Amino acid sequence: MKSDIQKIHKWCNEVLKYQFKNDQLIIKALTHPSVTGDNKKIKNYERLEFLGDTVLSMVVSEVLITKFLNENEGDLARRRAALVCSESLYKVALKINLNEQILLSNGEESQGGKNKPNNLENCFEAVIGAIYLDGGVEVAKKFILECYDDMFDNMQSPPKDPKSKLQEWTQQNGKKIPLYIIKEKTGPGHSPIFLIQLEVEGIEPIVVSAGSRKAGERLAAEQMLKILNLL
């Protein structure tokens, strides 16, 4: 564990550009639920992830509302959704080498846990939560802005997430709104697999699997848009 702490300190200094006053916060933020198992004395990142998700959304919303002064709430919401979606979180997590820092059980690591998008997305949000608790909102905001750097500027127009785009298509074509159904949920609580079925009126249903309901619905919508030649 001592070597882990030294490695984490080095990463905080060189990559996060922040040193924690309370080491336990960053250790918890990097600890996957598979490590804790049934041992309630060992804390994992789940509570910090819950906090970090809120802080990230708040900071991104603040940046967007000051940067795009003439856009309505709908356009701002689409921009925010794109910046905090699973794909963006995973991209930023890899950027700060979270896959090299996340603490996993031997079993989870042997199953490729260091590179599972769901693990890294959750861990990234937990790191934000830990920084917020340790250093305050301005420090957390600085960290988020550095992580996202030019992603705000590269977003030329309000993007449409796949689910919204698919729903607009169904409405424009007089069809019922898309229906997403959880067909099955398997795996342990810390690493679930969701089987999601997407039904669109008049089209053969498709089924996808993903590490979360949100990711599965997005993936299903993307695949349906490809079938419709809209993506």
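**Entry 1: the S1-S2 turn**

I opened this predicted model at the hairpin formed by S1 and S2, where 6 residues lie between the two strands.

Next I looked up how the two strands pair. S1 and S2 (residues 193-200) run in the antiparallel sense and share 7 bridges. For landmarks along this pairing I noted two positions: Leu 179 stands opposite Glu 199 in S2, and Lys 185 stands opposite Phe 194 in S2.

**Entry 2: the S2-S3 turn**

I moved on to the other hairpin. Between S2 and S3 I found 2 residues. Here again there is a glycine to write down: Gly 202, in the turn, has a positive phi of about 85°.

How many bridges join S2 and S3? I get 6, with the strands paired in the antiparallel sense. One pair I jotted down is Ile 196, whose bridge partner in S3 is Val 208.

**Entry 3: the whole sheet**

Putting the strands together, I have an open sheet of 3 strands with antiparallel pairing, in the order S1-S2-S3. Which strands sit at the edges? They are S1 (179-186) and S3 (203-210), each of which pairs on one side only.

Helix H10 (residues 162-172) lies across S1, S2 and S3, and runs at about 20° to S2. Helix H11 (residues 213-227) also packs on the sheet, where it touches S1, S2 and S3. The direction of H11 makes about 140° with that of S3.

**Entry 4: H2 against H8**

Last, I turned to a helix pair. The axes of H2 (residues 23-30) and H8 (residues 117-135) come within 8 Å and cross at roughly 165°. Angles over 145 degrees count as roughly antiparallel, so that is how I logged H2 and H8 relative to each other. Their crossing is right-handed.

Which residues make the contact? From H2 I listed Leu 25, Ile 26, Ala 29 and Leu 30. From H8 I listed Cys 123, Ala 126, Val 127, Ala 130, Leu 133 and Asp 134. Sorting the residues of the contact by type gave me 9 nonpolar, no polar and 1 charged.

Note on methods
Residues are numbered from 1 along each chain as its sequence is written. This is a predicted model: local features need pLDDT of at least 70, side-chain atom pairs count only at pLDDT 80 or more; totals for chains, interfaces and linings use all residues. Side-chain values use heavy atoms; hydrogens and water are left out. Axes are lines fitted to C-alpha atoms, for helices over the stretch in contact, and angles run from 0 to 180 degrees between N-to-C directions. Helices (H or I, at least four residues) and strands (E, at least two) are DSSP runs, numbered from the N terminus. Angles under 35 degrees count as roughly parallel, over 145 as roughly antiparallel, 65 to 115 as roughly perpendicular and the rest as oblique. A crossing is left-handed if the near helix is turned anticlockwise from the far one by less than a right angle, and right-handed if clockwise. Contact means heavy atoms within 4.5 Å. Ala, Val, Leu, Ile, Met, Phe, Trp, Tyr, Cys and Pro count as nonpolar, Asp, Glu, Lys and Arg as charged, and the others, Gly among them, as polar. Two strands pair if DSSP finds at least two bridges between them.
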